[in-house]
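Biologist: I have a structure open here and would like to go through it with you. Could you bring it up, so that we can start with one of the helices?

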Amino acid sequence: MKALVCTAFGLPETLTFKEVDEPVISSNQVLIQVEACGVNFPDVLIIQNKYQFKPELPFSPGGEVCGVIEKVGDAVKHVKPGDRVVALCGWGGFAEKVAAAANRVFKIPPAITPVQGATTLYTYGTAYHALKDRAQLQLNETLLVLGAAGGVGLAAVELGKLMGARVIAAASSAEKLLACRDQGADDVIDYSKEDLRARLKEITNDKGVDVVFDPVGGKLAEPAFRSIAWKGRYLVVGFASGEIQQLPANLPLLKGASIVGVFWGSFSEREPHQNQQNIQRLMEWMLTGKIKQHIHQVYPLQQSAQALRDLMERKVIGKAVVTV
Ligand SMILES: NC(=O)c1ccc[n+]([C@@H]2O[C@H](COP(=O)([O-])OP(=O)(O)OC[C@H]3O[C@@H](n4cnc5c(N)ncnc54)[C@H](OP(=O)(O)O)[C@@H]3O)[C@@H](O)[C@H]2O)c1
């Protein structure tokens, strides 16, 4: 089969597109013919050996696929060959076939397209878990989303609106903020030009925001946290800026506020039943058109390294996806 292969850790340009052997599955795995593979920030980290999971070389990146089951291991009962599924495979998805652990494979209705399927679990799964289970976002609360035009950011904007919040989207360009408006953002802030704290004061009439959704970290974190309302919740989602923020401990004290960690991958393993319910709800919303992923670009498998490069350079708005 054909695949994009990482033979030595490095930047996207070091990846090679070539013929490799098909994966061999164990009794708890399934073999999936990949139709599409979502492009996510961890793919950029994993090829540089900077992610928490470190696959053995050589491997293919690509952690989230939609496809058709070709084979199942002896112990697998809930899916069978021919089923259309989405799967969180960790890596291996930028290839014609991938092996995935059966407990991370979910059957999907026929109406869901490969591109929709491959771009939903990771971003919406994370954003929904963060807003519903971790922040317990309430109707009419104010939600600030940083990196709001990125994959998880834009999903948080859309879900925040669906959950009845007033959403303030913050990102680095006018084009990105336009996409946030399209997904329902009530107010927008361009943090490449505007003072985040001053604008938040103005927009919220000095009250502050109830929930901060932060997948970026770095320099934006402290002004965002200082702008939080009484009993606010600051969601630590990721560090796309490359810098892990240090927040002074007096800030949560002064606001009766909480710093809340979000780790969707771990949640999905530790609380599979709750995660399954969340996924079910997201699938329903997708089928009824209540959520609709913004697709930046669809890349053919041969060009999947370019998709990673574009993500690294902050060019992607919403999701990039690779089709096979
Ligand atoms: N905790 C969890 O369970 C979980 C789950 C999924 C993802 N994550 C994490 O969430 C973060 C975002 O993931 P994603 O898939 O949404 O990524 P993405 O689509 O690339 O979005 C990240 C956003 O961060 C901003 N950014 C600021 N500095 C950046 C830099 N130096 N390089 C790249 N982007 C930068 C960009 O927006 P602007 O240009 O507008 O600033 C970009 O749109 C990652 O750290 C990822 O690992 C965590």
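Biologist: What do the buried residues of α11 pack against?
Modeller: This is a predicted model. In it, the buried residues of α11 pack against the strands β1 (2-5), β3 (29-39), β14 (295-300) and β15 (319-323), and also against α1.

Biologist: Which residues of α11 are buried?
Modeller: They are Ser-304, Ala-305, Ala-307, Leu-308, Arg-309, Asp-310 and Leu-311. Seven of the nine residues of the helix, which spans 304-312, are buried, so α11 is largely enclosed by the rest of the structure.

Biologist: And what follows α11?
Modeller: Arg-314 follows α11, and its phi is positive, near 60 degrees.

Biologist: Where else is phi positive in a residue other than glycine?
Modeller: Asn-205 has a phi near 55 degrees, and Lys-231 has one near 65 degrees.

Biologist: Where do Asn-205 and Lys-231 sit?
Modeller: Asn-205 lies in the loop between α6 and β11. Lys-231 belongs to strand β12, residues 228-236.

Biologist: Let us turn to α6. Which of its residues are buried?
Modeller: In α6, residues 196-203, the buried ones are Leu-196, Arg-199, Leu-200 and Ile-203. Seen down the helix axis, the buried residues of α6 fall within an arc of 100 degrees, so they line one face of the helix.

Biologist: What covers the buried residues of α6?
Modeller: The cover includes the strands β8 (142-145), β9 (166-171), β10 (187-190) and β11 (209-214), together with helix α7 (221-226).

Biologist: Where is Leu-220 placed, and what does it touch beyond four places away in sequence?
Modeller: Leu-220 is in the loop between β11 and α7. Leaving out residues up to four places away in sequence, Leu-220 touches Leu-146, Tyr-191 and Leu-196. Leu-196 is also one of the buried residues of α6.

Biologist: How many residues separate Leu-220 from Tyr-191 in sequence, and what is the distance in space?
Modeller: They are 29 residues apart in sequence, and their C-alpha atoms are 8.5 Å apart.

Biologist: Is Leu-220 buried or exposed?
Modeller: Leu-220 counts as buried, because its relative accessibility is 15% and the cut-off is under 20%.

Biologist: Now the whole chain. How many helices and strands are there?
Modeller: The protein chain has 11 helices and 15 strands. Its radius of gyration is 20 Å, which agrees with the value near 20 Å for a compact globule of 324 residues. The C-alpha atoms fill a box of roughly 60 × 40 × 35 Å along the principal axes.

Biologist: What share of the residues is buried, and what share of the contacts joins residues 24 or more positions apart?
Modeller: Buried residues make up 55% of the 324. Of the contacts with a separation of 6 or more, 69% are between residues 24 or more positions apart.

Biologist: Lastly, how many positive and negative side chains are there?
Modeller: There are 35 positive and 33 negative side chains, and the centres of the two sets lie 4 Å apart.

How values were computed. Residues numbered from 1 in each chain as written. Predicted model: local features only at pLDDT ≥ 70, side-chain atom pairs only at ≥ 80, totals over all residues. Heavy atoms only, no water. Helix = DSSP H or I, 4+ residues; strand = E, 2+ residues; numbered from the N terminus. Rg over C-alpha atoms; globule rule 2.2 N^0.38 Å. Buried < 20%, exposed > 50% of the residue type's maximum accessible area, 1.4 Å probe, protein only. Contact = heavy atoms within 4.5 Å. Lys, Arg positive; Asp, Glu negative; His and termini not counted. Charge placed at Lys NZ, Arg CZ, Asp CG, Glu CD. Arc of directions from axis to C-beta.
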